[in-house]
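Hi everyone, thanks for making time this morning. I'd like to walk you through one structure, so please have a look at it while I talk.

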Amino acid sequence: MGSGLFKPCVHPDLRDVFSKMSFGDKIGFLFIHAFDKRNLWHKMPVPIGLLYLNTRRTLLEKYNLLPVGSSHGALFDPKEFLYRTGDGKYNDPHNAEAGSQNTFFGRNMKPVDQKDELMSPDPFVVVTKLLSRREYKDTGKQFNILAAAWIQFMVHDWIDHMEDTKQIEITAPKEVANECPLKSFKFYATKELPTNSDGIKTGYYNVRTAWWDGSAVYGDNEKKAKKIRTYVDGKLVIGDDGLLLHDENGVPLSGDVRNNWVGVSILQALFVKEHNAVCDAIKEEHPNLSDEELYRYARLVTSAVIAKVHTIDWTVELLKTKTMRAAMRANWYGLLGKKIKDTFGHIGGPALGGLVGLKKPNNHGVPYSLTEEFTSVYRMHSLLPSTLKLRDPNGQPDANNSPPYLEDIDIGELVGLKGEEQLSKIGFEKQTLSMGYQACGALELWNYPSFFRDLIPQNLDGTSRSDRIDLAALEVYRDRERSVPRYNEFRRRLFLIPIKSWEDLTSDKDAIEAIRAIYGDDVEKLDLLVGLMAEKKIKGFAISETAFNIFIIMASRRLESDRFFTSDFNEKTYTRKGMQWVKTTEGLRDVINRHYPEITAKWMKSSSAFSVWDADY
Ligand code: HEM
């Protein structure tokens with residue numbers, strides 16, 4: 001197709017990439033571009049919305065998966081590894097290392113070097129003037145604090161950057177120093193490593209396993225995994241009170257313990273119980289299985305339950321539109337739906353039968369990893385409120401039919417090791433219920449919790465560091481340090497229409513004024529994190545459309561590239577009981593109900609555990 005003919009239909013900034021596309025891609029591009037220019041796709045009937053999303057995903061998979069590091073790895077026989085290994089190796093039969101601990105983050109777009117602009121504009125100024133919480137904004141009934149903790153639980157399954165030993169110190173300029181809890185702070189640079197391969201020359205290691213393998217519960221390597229096993233019937237250690245146990249330093253015994261708060265700790269504890277219950281169920285059918293065999297089966301099943309909860313429960317509440325509900329269910333069940341899949345198994349390709357259960361994994365020609373841009377769009381610290389409203393699970397319903405309110409507790413008190421101490425007094429039920437009944441923070445400007453601006457970060461082993469950090473300022477710095485394009489270029493690279501003026505970003509006059517005071521009229525300078533928070537949201541979406549585009553590509557990839565969600569998602573690998581367990585779990589509500597039926601029966605009125613529990617929203 002001559003690109004000249006269609007040139008006038010294509011946004012000038014995207015003409016170059018369009019001209020290099022194949023005929024088929026050009027057709028796909030023109031289709032999505034027509035909707036993008038009119039901001040229309042999400043207002044369309046569900047079938048058209050689904051077609052738009054599918055076309056977009058196909059293009060993104062072609063143009064936005066960039067390998068970092070070698071694309072080749074050791075081959076192995078997958079039949080010898082019908083289980084998830086401790087360090088994530090031996091999942092992709094063509095590349096034993098892919099997705100394992102200490103391998104490179106990939107990229108969704110070429111890096112943009114910003115070494116000369118690390119402090120421009122000053123991160124302290126950006127945060128103080130645009131991000132720091134002023135008046136708390138929440139998400140109404142749509143999304144609760146359990147949902148906020150859930151995504152941190154997932155982040156701790158997927159990503160964490162390896163740090164250098166080199167420390168950097170940044171200092172707040174005079175104009176904002178008085179408003180900054182820390183006038184300066186020290187942190188470790190991200191460790192930059194040569195890739196020794198063509199294409200992208202340097203990159204950063206992910207110290208977690210990138211697979212969706214439940215590593216927040218099980219750990220990212222064999223050593224860690226061993227620490228939390230009982231070595232009896234495949235089970236993991238857990239306290240009699242249903243909470244995580246602790247070592248002599250007060251550090252919780254769990255897979256990932258770094259930079260946690262009690263919200264994540266209770267989810268880890270819940271999924272330890274889930275794992276142990278799966279062990280019991282499988283043992284009942286197969287009494288002769290060894291501890292190791294039971295552990296391996298239960299890890300596969302529990303990881304699949306986590307992935308399913310995220311796909312058809314959490315994400316559906318995050319992006320609450322009919323089209324997104326259909327799209328997320330199609331990722332798991334296919335367009336033919338649950339009934340057909342449960343009865344006949346996977347039929348057809350990814351669209352009809354879903355990604356889960358595909359005959360073969362598909363990494364679209366690029367070894368599986370998570371990406372720098374993925375990290376950036378999950379910078380969602382504003383989801384947390386400043387205080388948690390504790391409620392009494394044993395009290396009588398109040399006038400609103402809700403559990404009686406007890407007291408406010410600062411979230412800052414619930415972070416790290418002191419948080420664990422508090423949790424032992426609060427208990428699982430009160431903590432979970434209180435999180436269920438309270439809306440989480442909105443991802444908007446001026447909503448970044450202040451306790452994060454004076455935070456004790458932790459080492460990988462969960463022990464506290466002596467240098468406190470301003471997490472908000474550090475996040476602005478990190479995206480620049482890791483050469484993640486700034487907001488407008490980020491959009492262009494995803495084939496989204498770039499903004500020409502601040503008015504294209506938001507209709508909020510105060511926001512425009514504040515943004516202009518820092519970035520002038522230079523829309524290219526706008527930091528990604530600020531843009532993601534300022535962008536006018538699609539109705540029903542708790543995140544920006546820009547961030548959503550990374551979700552489109554990476555949410556599918558986490559399922560489709562993984563052998564244990566595709567070719568080995570079967571009774572042979574999971575056991576019959578194990579497959580049944582995954583099939584019959586539809587959301588977090590089911591998991592809570594399995595272990596704490598009295599909470600769901602008495603207090604959970606919402607159909608999803610991730611929306612505020614006082615009403616079916
Ligand atoms: C009280 C709860 C939390 C604490 C104490 C916490 C703390 C931290 C700290 C210290 C870092 C490392 C900063 C750096 O050195 O670059 C970090 C990174 C990050 N956090 Fe949080 N966080 C919390 C909640 C959340 C939540 C709710 C999300 C939501 C998705 C989240 C997403 C992330 C992401 C994506 C990163 C970047 C990881 C990377 O660089 O590889 N965190 N957090």
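This is a predicted model: local features need pLDDT of at least 70, side-chain atom pairs count only at pLDDT 80 or more; totals for chains, interfaces and linings use all residues.

Have a look at Thr-323 in particular: along the chain, Gly-49 and Thr-323 are 274 residues apart, yet their C-alpha atoms are separated by 6.0 Å.

Now to the helix pairs. Take α5, residues 123–131, and its packing against α18. The angle here is about 120 degrees, and the axes lie 8 Å apart. That angle makes α5 oblique to α18. As for handedness, α5 and α18 cross in a right-handed way. On the α5 side, the contact is made by Pro-123, Phe-124, Val-126, Val-127 and Leu-131, and they meet Ala-472, Ala-473, Val-476 and Tyr-477 of α18. If you sort the residues of this contact by class, you get nine nonpolar, no polar and no charged.

For the second pair, please find α11, residues 291–318, and α25, residues 576–583. Their axes are 9 Å apart, and the packing angle is about 15 degrees. That makes α11 roughly parallel to α25, since angles under 35 degrees go by that name. The crossing of α11 and α25 is right-handed. From α11, Tyr-297, Leu-300, Val-301, Ala-304, Val-305 and Lys-308 come up against Gly-578, Trp-581 and Val-582 in α25. The classes in this contact are seven nonpolar, one polar and one charged.

Last stop, the ligand. How many residues are around the ligand, and which come nearest? There are 22, with Gln-152, Asn-259, Trp-261, Tyr-378 and Met-380 coming nearest. Our α18 turns up again: α18 (471–481) and α6 (145–158) each supply at least two residues of this shell. It is α6 that gives the most, with four residues. By class, the shell around the ligand has 14 nonpolar, five polar and three charged residues.

That's my tour, and I'm happy to go back to any part of it.

Definitions and conventions: Residues are numbered from 1 along each chain as its sequence is written. A residue is near a molecule or strand if its C-beta atom, placed from the backbone, lies within 6 Å of it. Ala, Val, Leu, Ile, Met, Phe, Trp, Tyr, Cys and Pro count as nonpolar, Asp, Glu, Lys and Arg as charged, and the others, Gly among them, as polar. Axes are lines fitted to C-alpha atoms, for helices over the stretch in contact, and angles run from 0 to 180 degrees between N-to-C directions. Angles under 35 degrees count as roughly parallel, over 145 as roughly antiparallel, 65 to 115 as roughly perpendicular and the rest as oblique. A crossing is left-handed if the near helix is turned anticlockwise from the far one by less than a right angle, and right-handed if clockwise. Two residues are in contact if their C-beta atoms, placed from the backbone, lie within 7 Å.
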